[in-house]
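Hi,

Here is the structure I promised to pass on. Have a look at it first, and then read my notes below.

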Amino acid sequence: MVDSVRSRCSAFCQSAAGTCVLQALTVLLMISLSWVACWSVIGDSCAPFSNVFGILVSCICGKLMGVLVGLVKIPPLIGMIAAGILLRNVPVFNIAAEIDVSWSSALRTGAFVILLLRAGVSNSTFSAEARYLGRG
């Protein structure tokens, strides 16, 4: 009986569906443990419906929407922006409204700087040389 259950469990874990389920459980466990560790260090500002909790939920939902939209061959940034809009403006998902305005402003500015840096780094130096120095 035990060997039968063990062999079935082993076969499930080696299948594609089992691997996907195990990866999802691992990510869920890592997120939960990260939040508990953050709550134990920071205290009540990481409690549900506070600044840090709202930021954590926004990041997780943004990443999840980015992955889901990426499966449809759309840039993941579109899904992340859609998640931010949904979490801030739809009353049912009103989680991000708990984030303080000064925190939100600083995070938006930082995200904008990172976005501009990523866009600038992706430009080729050869195309800039060709355009401005008359080479190529």
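A quick definition to start: helices (H or I, at least four residues) and strands (E, at least two) are DSSP runs, numbered from the N terminus. Keep in mind that this is a predicted model, where local features need pLDDT of at least 70, side-chain atom pairs count only at pLDDT 80 or more, and totals for chains, interfaces and linings use all residues. Residues are numbered from 1 along each chain as its sequence is written, and side-chain values use heavy atoms, with hydrogens and water left out.

**The aromatic rings**

Trp35 and Trp39 sit four residues apart in helix H2 (residues 16-42), so about one helical turn separates them. Rings of Phe, Tyr and Trp (its six-membered ring) pair if their centres lie within 6.5 Å; planes under 30 degrees apart count as stacked, over 60 as edge-to-face and the rest as tilted. The structure has two such pairs. In the Trp35 and Trp39 pair, the ring centres are 4.8 Å apart and the planes are at 40°, so this one is tilted. Together with Phe53, Trp35 and Trp39 make up one aromatic cluster.

Are they buried or exposed? Buried means under 20% relative accessible area, exposed over 50%, and partly exposed in between (1.4 Å probe, protein chains only). Trp35 is buried at 19%, while Trp39 is partly exposed at 34%.

**Helix H4**

The buried residues of H4 are Gly79, Ala83 and Leu87. They cover an arc of only 65° around the axis (taken from the directions from the helix axis to the C-beta atoms), which puts them on the same side of H4.

Cheers
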